[in-house]
Amino acid sequence: MSDLAQNDGQRFDRLPETSAERTVEGRVSREEVVEYFEDRFAIPPETFDDHTFWEKGAGKIWIYHGDAPVRR
């Protein structure tokens, strides 16, 4: 059994920076998403320097310029 948490479709979580920082099983890292955009669309990694990466559920990635808005 893994020590990693499971994805919760009702929770909005920031992606870990690298796979070494992963706390949720199966969650991609920010590094992996940036590499995907570079490989697939030739978007330079520095394009995302001022962006944060979030996931809600399994595989729904949100990219924000800055931080995600806080819901009150």
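**A residue out in the open**

Analyst: Let's start with alanine 42, which is exposed, with a relative accessible area of 64%. Keep in mind that this is a predicted model.

User: Where does alanine 42 sit?
Analyst: Alanine 42 is in the loop between helix 1 and strand 2.

User: What is its phi, for alanine 42?
Analyst: Alanine 42 has a positive phi of about 60°. That holds although alanine 42 is not a glycine.

User: OK, zoom out. How many helices and strands does the chain have?
Analyst: The protein chain has one helix and three strands. Read from the N terminus, the order is β-α-β-β.

User: And how much of the chain is buried?
Analyst: The chain has 72 residues, and 25% of them count as buried.

User: Why does proline 45 count as partly exposed?
Analyst: Because its relative accessibility is 29%.

User: New topic: charges. How many salt bridges are there?
Analyst: The count comes to one salt bridge. Glutamate 32 and arginine 22 make it with their side chains, at 3.0 Å from N to O. The two partners are 10 residues apart and link distant parts of the chain. Glutamate 32 is in helix 1, while arginine 22 is in the loop between strand 1 and helix 1.

User: Why would side chains pair up like that?
Analyst: Side chains of opposite charge can pair when their charged atoms come close.

User: What about arginine 30? Buried or exposed?
Analyst: Arginine 30 is buried, yet it has no salt bridge. Its nearest side chain of opposite charge is glutamate 17, which is 4.0 Å away. Arginine 30 is placed in helix 1.

User: Which backbone oxygen lies 3.0 Å from a polar atom of the arginine 30 side chain?
Analyst: The backbone oxygen of histidine 51.

User: Where does negative charge gather on the surface?
Analyst: In a patch made by Glu17, Glu21, Glu31, Glu35, Glu38, Asp39, Glu46, Asp49 and Asp50. Take aspartate 49 as one member. Aspartate 49 is in the loop between helix 1 and strand 2. Aspartate 49 counts as exposed because its relative accessibility is 56%.

User: Which residues make the nonpolar patch?
Analyst: Val28, Ile61 and Ile63 make a nonpolar surface patch of about 190 Å². Valine 28 lies in the loop between strand 1 and helix 1. Valine 28 is partly exposed, with a relative accessible area of 31%.

User: Last one. Where is arginine 14?
Analyst: Arginine 14 lies in strand 1, which covers residues 12–14. Arginine 14 counts as partly exposed, at 41% relative accessibility.

User: How far apart are the C-alpha atoms of arginine 14 and phenylalanine 53?
Analyst: They are separated by 5.9 Å. Along the chain, arginine 14 and phenylalanine 53 are 39 residues apart.

Conventions:
Residues are numbered from 1 along each chain as its sequence is written. This is a predicted model: local features need pLDDT of at least 70, side-chain atom pairs count only at pLDDT 80 or more; totals for chains, interfaces and linings use all residues. Side-chain values use heavy atoms; hydrogens and water are left out. Patches are made of residues with over 30% relative accessible area and no salt bridge: like charges are joined within 9 Å, nonpolar side chains (Val, Leu, Ile, Met, Phe, Trp, Tyr) within 5 Å. Accessible areas come from the Shrake-Rupley method with a 1.4 Å probe; for residues, only the protein chains shown count as cover. Lys and Arg count as positive and Asp and Glu as negative; His and the chain ends are not counted. The place of a charge is taken as NZ of Lys, CZ of Arg, CG of Asp or CD of Glu. Helices (H or I, at least four residues) and strands (E, at least two) are DSSP runs, numbered from the N terminus. Buried means under 20% relative accessible area, exposed over 50%, partly exposed in between (1.4 Å probe, protein chains only). A polar contact is a pair of N or O atoms within 3.5 Å; within protein, one must be able to donate a hydrogen and the other to accept it, and residues adjacent in sequence count only if both atoms are side-chain atoms.
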